[in-house]
Amino acid sequence: MTLDGEALEQLRKRARSGGADKYHAANAAKGKLFARERVALLVDEGSFVEDGLYANALADGLPADGVVTGTATIDGRQVCLMANDSTVKAGSWGARTVEKIIRIIERAYGAGVPMVYLVDSAGARITDQVDLFPGRRGAGKIFWNQVRASGSIPQVCALFGPSAAGGAYIPAFCDVVAMVDGNASMYLGSDRMVEMVTGEKTTLEAMGGAKVHTAESGVGHFLCKTEADALDVVKTYLSYLPANWTQAPPAAPAVAAPAKADLAALVPASERQAFDMRRYVKGLLDEGSFFEIQALWAKELTIGFGRLDGQVVGVLGNNSMFKGGVLFVDSADKATRFVQLCDAFNVPLLFLSDVPGFMVGSAVEKQGIIRHGAKMITAISEATVPKICVVVRKAYGAGLYAMAGPGFEPDATIALPSAKIAVMGAEAAVNAVYANKIAAIGDEAERAAFVAAKRAEYEQDIDVVRLASELVVDAIVEPHDLRGELVRRFAAARTKDRHFSRRRHGVTPV
């Protein structure tokens, strides 16, 4: 078939227009943008180069086969991207949809540039399953390519609508997922399927909505009010990471810490009194640079990217405002994945320790706290980027290990004057050692005096000066000097040897 200029323009216009007007109107009523509008908002103006525009052009009602793919720049840096068009068969996948997605991931991996997924899809078209599902270039190849690219190039997902059935694994294999509240959802089986199979009556929102995944399951990382907010998350996330694993994170002009930040005043003297580690982190880093990840899930551990003197760092800090800062199953998983992410993309790690240890009890043992804690400690051990442990207030028990304590070859272990490092806190230790004797003392005043004396002995045993004299910690630093100390130490560690072990890869703990 020979096309003249006018016929080609009409074909191009149809392909770019998406589905019928009624589907555009329905999406607009939900506050949803057209896929091509999302792309235009995300990328630098005039930078988008599209591939596969004419996919399924001979079919009726399948413009571009329901997915937009191509290359562009974001803040001048090259990326590859895909965007489901939910006005075309609800963004469902056909054989050419799958092929386009596979090709763009392969291009991103081959070029060593980030891959962006703008997801809004009802999943596979059951009518086309033989063509798209089982073969060597079927839907499984998408996930194979995502796994191959993981840790090689950044992969980030903004989820604007459903991500259904097998398609839910596209977000799951990404580094982070931004979800639009009220519209975004992830689920393996629809609410109708769930009721048919299990008898449970539920809704997509209750089962797999944005709030569920960002606050309860941990599959989502950012809860966004609008689509523009989700696109901003994509831009901000990529601004902290290199294009690929062979490069250093992009530096920025140095910015001072907030002028009003008083780190000493933020930390209460009593370890029983909680404080918000997020405020501490913001007061330590370059002003306005902290980008918190998974803020709503496992809040006893704060994680995110930031900058110190313009250089990117990944921060993990125990937050005593939530569950006393104790490490649970979810917070161990949260830490594990973030440490692996930073190590993959050459982001130095800063650990701010105020940890009582891992949670104990029958409930967490049944959840596998030992297994999850072992994974966290494995990630800390395997991380070869520069890493510094700062004991802000306490590091007790295996919590010291999980926060990159001295045995895990940090580039430095720094103690603030308020720091305590011990197997357990003084109160628990005295009770463990002297429980019978305490119980045998009948006079209340005598009992209190005995406990106070033993606590004082214990506190002296774990005194921070003694820890420094025994070379457990490398330095005792005043809070107002901490930022400068970290800047200098991270700079000195930038060229460290990153070899870890003679092997192919480790075996994940149970």
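Is tyrosine 401 buried, partly exposed or exposed? Here are some notes on that residue and its surroundings.

1. A word on the model first. This is a predicted model, in which local features need pLDDT of at least 70, side-chain atom pairs count only at pLDDT 80 or more, and totals for chains, interfaces and linings use all residues. Residues are numbered from 1 along each chain as its sequence is written, and side-chain values use heavy atoms, with hydrogens and water left out.

2. Back to the opening question: tyrosine 401 is partly exposed, with a relative accessible area of 43% (buried means under 20%, exposed over 50% and partly exposed in between, with a 1.4 Å probe and protein chains only). Its ring centre lies 5.6 Å from that of phenylalanine 408, and the planes meet at 45°, so the pair is tilted. Phenylalanine 408 is buried, at 16% relative accessibility.

3. The structure holds 11 aromatic pairs (rings of Phe, Tyr and Trp, the last by its six-membered ring, with centres within 6.5 Å; planes under 30 degrees apart are stacked, over 60 edge-to-face and the rest tilted). Phenylalanine 143 and tyrosine 169 make an edge-to-face pair, because their planes stand at 70°, with the centres 6.2 Å apart. This pair links distant parts of the chain, 26 residues apart: phenylalanine 143 is in helix H6 (residues 140–149) and tyrosine 169 in helix H7 (residues 169–172) (helices are DSSP runs of H or I, at least four residues, numbered from the N terminus). Phenylalanine 143 counts as buried at 16% relative accessibility, while tyrosine 169 is partly exposed at 37%.

4. Two lysines are worth a look too. The charged end of lysine 141 sits over the ring of tryptophan 144, 4.1 Å from its centre, and that of lysine 323 sits over the ring of phenylalanine 328, at 4.5 Å (NZ of Lys or CZ of Arg within 6 Å of the ring centre and within 35 degrees of the ring normal).

5. The largest nonpolar core has 73 residues, and Leu118, Tyr237, Phe305 and Leu316 have the most contacts inside it (a core is a set of buried Ala, Val, Leu, Ile, Met, Phe, Trp, Tyr and Cys residues joined through side-chain atoms within 4.5 Å). Helix H14 (residues 329–344) gives the largest share, seven residues. The core lies between domain 1 (5–240) and domain 2 (277–422 + 463–493), because both give residues to it (bounds from an automatic or database domain assignment). A second, separate core of 29 residues includes Cys80, Val113, Cys157 and Cys174.

6. Finally, one aromatic cluster is formed by Phe222, Tyr237, Tyr240, Phe291, Phe305 and Phe338.

Definitions and conventions:
Helices (H or I, at least four residues) and strands (E, at least two) are DSSP runs, numbered from the N terminus.
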